[in-house]
Amino acid sequence: MNRPTGSLRNRRLGARRAWLVLVIVAACFPALAGRALEEAVPLEKGLNDRVVQLLQLHRYQEAKETAKKAVATFSSTFGKRHAGTATSLRNLALCHAQLREYAEAEPLFLEVIEIREQIYGPKDVHTLETLGELADLYEKAGAYAKAELVLKRVLAVQDLWGPKNVMRARTLERLGVVYTGLGRFEEAEALLKQVRETNEAAFGEKFIGNARCIEDQARLKQAMEKYVEAELLFQRALGMIEKARGPAHPETGICLNNLGTLYSAMGEYEKAQPLYERAIANLTKAYGPQDPDAEICRQNLANAKAAAGRSPRPKSQAAITI
């Protein structure tokens, strides 16, 4: 039987020693060794990146299946307590959240938070990012009290960063939306005003990122039945988005839908209908007819058409903001 030559034997021994070093480092310092291990172990490349791409394209079902594959690959290769596994679990949770599968998303987000706390610590931006996403989930699901608790946990860390920090401002904005949902309008108004001032001081009045906060203020005024003020704010946000993104952009479509919900709440269904139609066209063109946001706009349009034919008309018709 042929024995390996000395140089080949030495290369094999060197590779084994390098692998042992990686394993030892991984056991002692998992966060530091993650990247090295991923390079050493044959993985299907780009699984998590592919999920992010699919999420951006609103191909949520396909993203979900890819995310499940990523979770299985990372967890079987590196175990549950690994940064790559946490990322794949977070991506899967985001897929469920976008599909309004809130019961499936919540335990995944909680698991990711636990893993990231162990790897990075409770004050690290990775942990805070996932806490913010969990709060968004609770807000969308109408679990406002849970969302408030999570956001206050995030703010306890971000308050140390200073009052002008833009990430802290984003958390305050989320809290303002939650207070709107809870009917705590004065608190919501104060927070959203503070956030808008922080954003405008940092980026200027015309910065496109400010449009989201202006929309949140519009939704607050709508909840307070201050419809004239709400309309002006929605129209300002829409003008900013249209100018920055274009009239056919999906972000423009989302704002059109949300302005339509205001007109539905006012009982002005003829004004609402063309806005919903434009929103549907924008979102369908960008993401296809199966897009969940486009489906919400279709539901809003159908409700507005039905309500427009009623006599007497109801003051408010259930319409969903995005």
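1. A quick definition to start: a residue counts as buried under 20% relative accessible area, exposed over 50%, and partly exposed in between. Please keep in mind that this is a predicted model.

2. With that in hand, have a look at helix α9 (residues 166–182), where glutamate 173 and arginine 170 sit three residues apart, about one helical turn. They form a salt bridge, with their closest N and O atoms 3.7 Å apart. Arginine 170 is partly exposed because its relative accessibility is 24%, whereas glutamate 173, at 1%, is buried.

3. Arginine 50 is partly exposed at 33%, and glutamate 62 is partly exposed at 35%.

4. Glutamate 117 and arginine 153 also meet in a salt bridge, at 2.2 Å from N to O. This pair links α6 with α8 across 36 residues. Both ends are partly exposed: glutamate 117 has a relative accessible area of 27% and arginine 153 one of 40%.

5. Now for the packing of α5 (residues 83–98) and α7 (residues 125–140): their axes come within 11 Å and cross at roughly 20 degrees. The two helices are therefore roughly parallel, and the crossing is left-handed. Arg90, Leu94, Ala97 and Gln98 of α5 meet Glu129, Glu133, Leu137 and Lys140 of α7; this set divides into three nonpolar, one polar and four charged residues.

6. Finally, the overall count is 27 salt bridges. Shared partners join Arg90, Arg116, Glu129 and Glu133 into one network.

Note on methods
Residues are numbered from 1 along each chain as its sequence is written. This is a predicted model: local features need pLDDT of at least 70, side-chain atom pairs count only at pLDDT 80 or more; totals for chains, interfaces and linings use all residues. Side-chain values use heavy atoms; hydrogens and water are left out. Axes are lines fitted to C-alpha atoms, for helices over the stretch in contact, and angles run from 0 to 180 degrees between N-to-C directions. Helices (H or I, at least four residues) and strands (E, at least two) are DSSP runs, numbered from the N terminus. Angles under 35 degrees count as roughly parallel, over 145 as roughly antiparallel, 65 to 115 as roughly perpendicular and the rest as oblique. A crossing is left-handed if the near helix is turned anticlockwise from the far one by less than a right angle, and right-handed if clockwise. Contact means heavy atoms within 4.5 Å. Ala, Val, Leu, Ile, Met, Phe, Trp, Tyr, Cys and Pro count as nonpolar, Asp, Glu, Lys and Arg as charged, and the others, Gly among them, as polar. A salt bridge is a side-chain nitrogen of Lys or Arg within 4 Å of a carboxyl oxygen of Asp or Glu. Buried means under 20% relative accessible area, exposed over 50%, partly exposed in between (1.4 Å probe, protein chains only).
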